Amino acid sequence: VARAAAGPVRDGGAPDETVAGLVDHLVESMTPADDRRLWPVSTLAGESDPCTVQQGAAGVLAVLTRYFTLTGDARMPGLLSTAGHWIADRADRSSPRPGLHFGGRGTAWALYDAGRAIDDRRLTEHALTLALAPQQVTPHHDITHGTAGSGLAALHLWQRTGDARFADLAVDAADRLTAAAQREPGGVGWAVPGEADSPEGGKRYLGFAHGTAGIGCFLLAAAALSRRPEHRDLAVEIGEDLVTHAVRTGEAAQWPAQSGDVPTAPYWCHGSAGIGTFLVRLWQATGDERFGDLARRSTHAVRERASRAALTQCHGLAGNGDLLLDMADATGDPVHRETAGELAGLVLAERTHRQGQVVFPNEYGDVSTSWSDGSAGILAFLLRIRHGGPRHWTVEQPG
């Protein structure tokens, strides 16, 4: 059902009182005495680890760290320290899971940046220990659960620390992805492992979270470090396949979740918002206008869906809005920032006030604080449209 029209957010920013109310909600809802959950989150998507980026405390910590670096809010150093050490005490450093959003290195990314922001050396050391710990062996290749996500986090930590061990981990991840690539008539890809208990087993996704677009985004960034042509060439090959699979309708481009399917909703997880995230970077790296054209068409797809979208990062307006801000940064075209403002206006129209705090419903109608489907991911988009800056959980190539 289409929601009522809302005015765009103008002058580059969401109203400060909404950001303040969201932060107040995150401050007041933190429960460090609870050994199970630091913040209330929805676990309807099946994630139970309390420390991860996707639906655990690391995602909230990362956004509040960014908020502190932008505003200097005096409440934040103590809160970031408490939250960071709560996570560090519970994160599995003996055999962490792979991946960025569900794995140990994504958690380490958040811990390291928080420790740097508040000058807490013990917290940064916890983060580095977690990031360097041998991970569980994985047949997954993607950003959320697999090799590409682990490699992307290693690349971020190399950029932040200069520690050559992280450079080696990132290049090793790119090498393993290159070796594991499978070429079929539908293009290059990496199948989801065929575990007996997984309905996703054997599928070869195109999107960012679980498929080739996210893997390509990592390979493109890793190539700038490794200088190995096979890494860059594979990223370009992925882009070529995405050109082949694009479904153009009017000015918009959409993609199926996997080859042969009908086009899926244009969200970060499987659809145009995530695929455009890769293609705009591939266009910047190669100058190939086919990739730039499809990235621009992706923005039309997310705008057309806006009135029917949820609010969140994974499947909603916040993640879609981040694509628009990526395009604004890449092209300088003000229309993308204006459209992001329209999406922010739709988000703000759904806010609810509770005892001076601001909360938003997730796609299931619950109130959650998480990165993927809750307040933290929404706050990240509103902060970025207000203050600019890089997108969370991405690594930009050096200019």
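## The largest cavity

In this predicted model, the largest cavity has a lining of 13 residues, and those nearest its centre are His101, Trp268, Trp371, Arg391 and His392. The space inside the largest cavity comes to about 130 Å³. Sorted by class, its lining holds five nonpolar, six polar and two charged residues.

Across the whole structure, the search turns up four cavities of 30 Å³ or more.

## The second largest cavity

Next comes the second largest cavity, with about 50 Å³ of space. Its lining is made up of His140, His141, Asp142, Trp190, Ala191, Val192, Pro193, His210 and Ile215. Of these lining residues, five are nonpolar, three polar and one charged.

## Aromatic pairs

A handy way to describe two aromatic rings is by the distance of their centres and the angle of their planes. The model has three aromatic pairs. In one of them, the ring centres of Trp109 and Trp393 are 5.2 Å apart with the planes at 70°, and because edge-to-face pairs have planes over 60 degrees apart, this pair is edge-to-face. Trp109 belongs to helix H4 (residues 104-118), while Trp393 is in the segment after helix H14 (375-387), so the contact ties together parts 284 residues apart in sequence. Trp109 counts as buried because its relative accessibility is 5%, and Trp393 counts as buried at 7%.

Phe208 and Trp268 make a tilted aromatic pair, at 5.8 Å centre to centre and 40° between the planes. This pair also links distant parts of the chain: Phe208 is in the loop between strand S2 (187-189) and helix H8 (212-226), and Trp268 is in the loop between strand S4 (252-254) and helix H10 (272-286), 60 residues apart. Phe208 is buried at 5% relative accessibility, and Trp268 is buried with a relative accessible area of 10%.

## A tryptophan cluster and charges over rings

Trp109, Trp371 and Trp393 are joined into a cluster by ring pairs.

Arg290 lies over the face of Phe291, at 5.3 Å from the ring centre. Arg296 has its charged end over the ring of Trp283, 5.8 Å from the centre of that ring.

## Two enclosed helices

Helix H6 (residues 147-161) has 15 residues, which at 1.5 Å a residue should span 21 Å; its end C-alpha atoms are 21 Å apart, so the two values agree. Eleven of the 15 residues of H6 are buried, and therefore the helix is largely enclosed by the rest of the structure. The buried residues of H6 are Thr147, Ala148, Gly149, Ser150, Gly151, Leu152, Ala153, Ala154, Leu155, His156 and Leu157.

Helix H12 (residues 317-331) passes the length check as well: its 15 residues should span 21 Å at 1.5 Å a residue, and its end C-alpha atoms are 21 Å apart. In H12, twelve of the 15 residues are buried, so H12 is largely enclosed by the rest of the structure. Buried residues in H12 include Leu317, Asn320, Asp322, Leu325, Asp326 and Met327.

Key. Residues numbered from 1 in each chain as written. Predicted model: local features only at pLDDT ≥ 70, side-chain atom pairs only at ≥ 80, totals over all residues. Heavy atoms only, no water. 1 Å grid on protein atoms, 1.4 Å probe; cavity = no way out; pocket = protein on both sides within 12 Å on 5 of 7 lines; lining within 4 Å. Points joined across faces, edges and corners; volume = space filled by probe spheres on them. Nonpolar A, V, L, I, M, F, W, Y, C, P; charged D, E, K, R; others polar. Phe/Tyr/Trp six-rings, centres within 6.5 Å; stacked < 30°, edge-to-face > 60°. Helix = DSSP H or I, 4+ residues; strand = E, 2+ residues; numbered from the N terminus. Buried < 20%, exposed > 50% of the residue type's maximum accessible area, 1.4 Å probe, protein only. Lys NZ or Arg CZ within 6 Å of the ring centre and 35° of its normal. Expected span 1.5 Å × (residues − 1).
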